[in-house]
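Hello,

Here is the structure I promised to pass on to you.

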Amino acid sequence: MSRRKTERLLNLVICLLATRRPLSAEQIRQAVPGYDRDGDEAFQRMFERDKNELREIGIPIDVVRDPWEDEPGYRIERESYELPEITLEPDEAAVLGLAAQVWQRASLAEAASGALLKLRAGGVATDQPVGTGALELRVDTRDPAFPALWDAVRDRRVVRFDYRGAGSETVRSRTVEPWGVVSRRGRWYLAGYDRDRDAPRAFRLSRITGQVATVGKAGAVEVPEGVDLRAMVGFPDETTDERVAVVRVRQGACEGLRQLARAVRPGTGGWDEAELAFTDPERLAGWMASLGADVEVVQPPDAREAVIRRLKGAMA
């Protein structure tokens, strides 16, 4: 299913859930993005297909015929749509909790909010909770490559990007058939088939530099049956040995860093010196760069260079 159609169906569900009174087809056409640019006949065909698809997946759309109105009205009764009370075992609840934490940003959240705004602008009364926190989906990652790779996995589309290998400053272009994006130990990885190496590989997103480009048409990637993405990410080309970074910290600043440091020693000239345990220079660099002028990484050299790269990229 295309992204445009997915958003239109989501907007239609939100529209019919949020309204306090049945809406005619014309009101739906004006309120739901994706319908308003089509002609009358095209709209009717599309609307009928959408209603049928939603009903096929179990979403009940009620048709209300008012004797005082020429056209029938449509809505989704909340009582019929909502799930009954569910009892989960602790491990099942934990899995759902982790899944919920995955999302922190998504284009569908913006589409949902836009649909409600359009409904209200058209004079349709809506229930506020439908468009608030329950639909504000997010993805907790700072890796710039994540959105493009997530889309590529969804669309089964080949990608090309520049990648810096572990323990190296050399950046090489990689062409990859993406199979999935996986989180492991707080880091995100792309698992897929590396066309350059002619083998399955895992790539840490924090080592991807520049923009991710798509290659060819959607649907070109076939994910092998039985492939274990988590197993692939279990052996990325990286070391997991813990190391210690020496960081200069401005006095009176960065209390959170001080709390996490192994040791903090008074320094001179308005600076203290802290020791931080780390395993990934890029992850450490992202943290240090976010603290701006209040920190300076002294050692080791690869961590210091990673911070410099981040700051130069931000300036560019």
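First, the ground rules. This is a predicted model, in which local features need pLDDT of at least 70 and side-chain atom pairs count only at pLDDT 80 or more, while totals for chains, interfaces and linings use all residues. Residues are numbered from 1 along each chain as its sequence is written, and side-chain values use heavy atoms, with hydrogens and water left out.

**The chain as a whole**

The secondary structure comprises 11 helices and 13 strands; these are DSSP runs numbered from the N terminus (helices H or I, at least four residues; strands E, at least two). Of the 316 residues, 35% are buried, where buried means under 20% relative accessible area, exposed over 50% and partly exposed in between (1.4 Å probe, protein chains only). Among contacts with a separation of 6 or more, 60% are between residues 24 or more positions apart; a contact means heavy atoms within 4.5 Å. The exposed surface comes to about 18600 Å², and carbon and sulfur atoms supply 50% of it (Shrake-Rupley method with a 1.4 Å probe; for residues, only the protein chains shown count as cover).

**Aromatic pairs**

I found 9 aromatic pairs in the structure. Rings of Phe, Tyr and Trp (its six-membered ring) pair if their centres lie within 6.5 Å; planes under 30 degrees apart count as stacked, over 60 as edge-to-face and the rest as tilted. F161 and F203 have ring centres 5.5 Å apart and planes at 80°, so this pair is edge-to-face. Because F161 belongs to strand β5 (residues 158–164) and F203 to strand β8 (residues 199–204), the pair ties together parts that are 42 residues apart in sequence. F161 is buried at a relative accessible area of 2%, and F203 is buried at 2% as well.

F203 also pairs edge-to-face with Y163, at 5.1 Å centre to centre and 90° between the planes. Y163 lies in β5 and F203 in β8, so this pair links parts 40 residues apart in sequence. Both Y163 and F203 are buried.

Elsewhere, Y35, F43, F47 and Y74 form one aromatic cluster. The charged end of R248 sits over the ring of W271, 4.6 Å from its centre; the criterion is NZ of Lys or CZ of Arg within 6 Å of the ring centre and within 35 degrees of the ring normal.

**The sheet**

Which strands make up the open sheet? There are 5, in the order β8-β7-β6-β5-β9, with antiparallel pairing; two strands pair if DSSP finds at least two bridges between them. β8 and β9 (208–215) are the edge strands, each pairing on one side only. β5 is joined to the antiparallel strand β6 (residues 171–184) by 6 bridges, and the bridge partner of F161 in β6 is R174.

**Backbone details**

Q299 and P300 are joined by a cis peptide bond, with omega about -5°. P300 sits in the loop between β13 (295–299) and α11 (301–315).

C254 has a phi near 60°; C254 lies in the loop between β10 (243–250) and α9 (255–260) and is buried, with a relative accessible area of 15%.

Best wishes
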